[in-house]
Amino acid sequence: MTVVLDTLSSRAAGVAGNTTSLIGLERGELRQILATLGVAERQQRMRANQLWRWLYNRGVSSFDEMTDIAKDLREKLAKNCDLARPEIVTEQVSNDGTRKWLLRLAPDEFGRQHEVETVYIPEQDRGTLCISSQVGCTLTCTFCHTGTQRLVRNLTAGEIVSQVLIARDRLGEWPARLAEATDVPASGRYITNVVLMGMGEPLYNFDNVRKAVDAISDGDGLSLSKRRITLSTSGVVPEIVRAGEEIGTMLAISLHATTDEIRNRLVPLNKKYPIEQLLQACRDYPGLSNARRITFEYVMLKGVNDSVADAKRLVRLLSSIPAKVNLIPFNPWPGTDFECSDWDTIEKFAEIVNRAGYSSPVRTPRGRDIMAACGQLKSASERLNVKQRRALEASPG
Ligand code: SAH
Ligand code: SF4
């Protein structure tokens, strides 16, 4: 069953005027805003903490609900700031329970509103939210649908965090709603894991991803441990160790091939940062242990990277890294020439990797009927070319 709800509503996201969105700001930035609104220095820290809790722990969408903040300050906040989330354009529910939201962002500096996708994947013992970090992608991995959409722009920290807030809104995960719900999982939450595996390359939007992860993992905020957040990269080597130090999530690497020749074809970034450099950055990733492994993602492409020799090479490549392997059956999209490996081939591949001592689950494709599976995400947002940008900048109003 695919349900498409058209929920485009009047909850216009930050469209209202020239107000500053508070979502995604660091506590220090919240304090600065409070200072400009005349809050005395000795009160700024306490007020910023209150705001933080209302935003992320309670999920309120209006200043009126912030009952422990004085009315005159709430009024000033409402006049100068906003709590708007991106608009939900559509919500699709797959026949396997996967949900996909198409979100419309607040207008950019040219007044254009772009769109991104976010996916929720419920499983027996966990619920994973897959969030996007960019509209489109600069990289052009040949098997990836997102890679056919040029980079339109980076998401702001607020737009990244908002994807979690919106999912919690729709799933009913805020404390007040959870208290009334009858189907809450034993973990006490619907979203137990967040993966930066949606649209875009997170390490090309480093600072905003860092800020967003801070808000998602903060104990007074959304409070999801960094061990339950995974950042996936196609291999931006110079940023990998820094990501471990400054962002500190679990790491996934989109490896997908065992020779530079094949990887160059699949992940063109490999020409810049070949496999050996990538694996060295992985060995240097801080905090690795058998309990804290890197996940290597490997998309199964028929006749391209799925031979027994590939499986054996993969095992050799990973031999010095605490690793697990995630085999992803290729998810087709309109216009692609690739095909998914046969099931027997995938099983044989998994067995070789498994026998070498690596956990190598095959990722069950989820939400394929609504184009929500890995690598299928894409939005209609188009980048302006230079001529269009100039024309827009020159036009009055
Ligand atoms: N840009 C980051 C984050 C995206 S994660 C990265 O590439 O790691 C999405 C995962 O799905 C990546 O491992 C990506 O390589 C993989 N993927 C892309 N297209 C796919 C497809 N059509 N079928 C299966 N997996 C795909
Ligand atoms: Fe971009 Fe990742 Fe898709 Fe490659 S696989 S095009 S890096 S989103």
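Buried means under 20% relative accessible area, exposed over 50%, and partly exposed in between, with a 1.4 Å probe and protein chains only.

## Model and conventions

This is a predicted model: local features need pLDDT of at least 70, side-chain atom pairs count only at pLDDT 80 or more, and totals for chains, interfaces and linings use all residues. Residues are numbered from 1 along each chain as its sequence is written, chains are lettered from A and ligands numbered from 1 in the order in which they are written, and side-chain values use heavy atoms, with hydrogens and water left out.

## Overall fold

The chain holds 12 helices and 14 strands. Helices (H or I, at least four residues) and strands (E, at least two) are DSSP runs, numbered from the N terminus. The radius of gyration is 22 Å, close to the 21 Å that the globule rule gives for 397 residues, so the chain is as compact as a globular protein of that length. That radius is taken over C-alpha atoms, and the globule rule is 2.2 Å times the number of residues to the power 0.38. Along its principal axes, the C-alpha trace spans about 70 × 50 × 45 Å.

Of the 397 residues, 53% count as buried. Contact means heavy atoms within 4.5 Å. Among contacts between residues at least 6 apart in sequence, 67% join residues at least 24 apart.

## Surface and charge

The chain has 52 positive and 48 negative charges, and their mean positions are 2 Å apart. Lys and Arg count as positive, Asp and Glu as negative; His and the chain ends are not counted. Each charge is placed at NZ of Lys, CZ of Arg, CG of Asp or CD of Glu.

Helix α1 covers residues 27-36, and R27, L30, I33 and L34 are buried in it. Seen down the axis of α1, these buried residues fall within an arc of 115 degrees, so they line one face of the helix. The arc is that of the directions from the helix axis to the C-beta atoms. Q32 and T36 are exposed on the face turned away from the buried side of α1. The buried residues of α1 pack against β2 (20-21), α2 (41-58), α3 (71-80) and β3 (81-82). Just after α1, G38 takes a positive phi of about 90 degrees.

In α3, the buried residues include L73, R74 and L77. Down the axis of α3, its buried residues fall within an arc of 100 degrees, so they line one face of the helix. The face turned away from the buried side of α3 carries the exposed residues K71 and K79. The buried residues of α3 pack against α1, α2 and β3.

## V209 in α6

V209 lies in helix α6. V209 is buried, with a relative accessible area of 1%. Leaving aside neighbours within four places in sequence, V209 is in contact with S133, I160, L196, P202, L231 and I247. V209 and G24 are 185 residues apart in sequence, and 10.0 Å apart in space, C-alpha to C-alpha.

## Positive phi in loops

S223 is a residue other than glycine with a positive phi, near 60 degrees. S223 lies in the loop between α6 (206-217) and β11 (229-233). Its relative accessible area is 33%, so S223 is partly exposed.

M371 is also not glycine, and its phi is positive, near 55 degrees. M371 is found in the loop between α11 (343-355) and α12 (386-394). At 24% relative accessibility, M371 counts as partly exposed.
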